[in-house]
Amino acid sequence: MVTQTCKSCGMPMETTEQYGGENPLNPYCTQCTDQVGNLTSYDDVLKGMTQYMITTMKLEYGIAEKTAKAEMIKHPAWKAYAKRM
């Protein structure tokens, strides 16, 4: 299987289990989708990415959220949200 990156957050998806709904044709990872593989809301993904950055990068909430927003708009799922930044 070729490694793809999530079109929502950029996470590498190397195994079937990392694809939303465990479907290797899904362009989104399990962190950005619900249990059946549907992309969750912008706000839900933002919340998850912000928390991930707080935990892994030890960033304060405001910086983590700003960093998450900047990362998200780089990906196709959230291009329309660039105006909200």
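Residues 24 or more positions apart account for 26% of the protein's contacts with a separation of 6 or more, a contact being heavy atoms within 4.5 Å. The model is predicted: local features need pLDDT of at least 70, side-chain atom pairs count only at pLDDT 80 or more, and totals for chains, interfaces and linings use all residues. Residues are numbered from 1 along each chain as its sequence is written, and side-chain values use heavy atoms, with hydrogens and water left out.

From the N terminus the elements run β-β-α-α; helices (H or I, at least four residues) and strands (E, at least two) are DSSP runs. The radius of gyration, taken over C-alpha atoms, is 13 Å, close to the 12 Å from the globule rule (2.2 Å times the number of residues to the power 0.38) for 85 residues, so the protein is as compact as a globular protein of that length.

| Quantity | Value |
|---|---|
| Span of the C-alpha trace along its principal axes | about 35 × 25 × 20 Å |
| Radius of gyration | 13 Å |

Buried residues (under 20% relative accessible area, 1.4 Å probe, protein chains only) make up 28% of the 85 residues. Not counting residues up to four places away in sequence, Cys6 touches Met11, Met13, Pro27, Tyr28, Cys29, Cys32 and His75.

Notes: Buried means under 20% relative accessible area, exposed over 50%, partly exposed in between (1.4 Å probe, protein chains only).
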